[in-house]
Amino acid sequence: MIGSNSSSDPATVNAQVEELKQALSDLRVFKTETENVVGPQTWADKSLRNIDCSTPKGEEGVNYSVMSQTLETLDMESSVNVVKTFWESKGFTTRVESNPKDPGNIRLYANKNGGHLVSFTATTNGLSLEMNSACVAGNQHEIYKELDRQEASASPTPSTKES
């Protein structure tokens, strides 16, 4: 008998999908806040995808990963410092990496309990953000199946159009 704690129980999977959707919403807000802290540049999302992850408790799950870029160049050090200060104000632990052999590249990494992993890169060619949402524990296959089903049912099909 399948209990309500089963990873394939429809109610459980639906709750996990809703949690994943909320994680994406939270990620988008945080990404926009970070972009706004840097300045008024125009940012373009380069990719949004689901990836497998592990929760802080070691459970397998799913999260979203997004990358955003701007080709506008600013003072690299001040850009990194303003993002670092903002992320630390949100409870993230940060570290900055730079290489004297590559002075045109500074990378800021940050993480927070709950699985948020983020990075900000300032180069002489522009800026980029890479961010992962919180990890939602659950069966990846079942979550994707339900997510696909919900997305498909949200799209009108020829048979559902009114005459």
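Start by selecting Ser65, which you will find in strand β2 (residues 60–70); strands here are DSSP runs of E with at least two residues, helices are runs of H or I with at least four, and both are numbered from the N terminus. You are looking at a predicted model, where local features need pLDDT of at least 70, side-chain atom pairs count only at pLDDT 80 or more, and totals for chains, interfaces and linings use all residues. Residues are numbered from 1 along each chain as its sequence is written, and side-chain values use heavy atoms, leaving out hydrogens and water.

Stay on Ser65 and show its surroundings. Ser65 is buried, at 11% relative accessible area (buried is under 20%, exposed over 50%, partly exposed in between, with a 1.4 Å probe and protein chains only). Residues it touches include Leu48, Ile51 and Met131, leaving aside those up to four places away in sequence (contact means heavy atoms within 4.5 Å).

Next, select Asp45 and Lys31. They form a salt bridge, with the closest N and O atoms 2.9 Å apart (a side-chain nitrogen of Lys or Arg within 4 Å of a carboxyl oxygen of Asp or Glu). Which of the two is buried and which is partly exposed? Lys31 is buried at 7%, while Asp45 is partly exposed at 47%.

Now move to Glu130 and Arg107, whose side chains meet in a salt bridge at 3.1 Å, N to O. Glu130 sits in strand β6 (residues 126–132) and Arg107 in strand β4 (residues 102–112).
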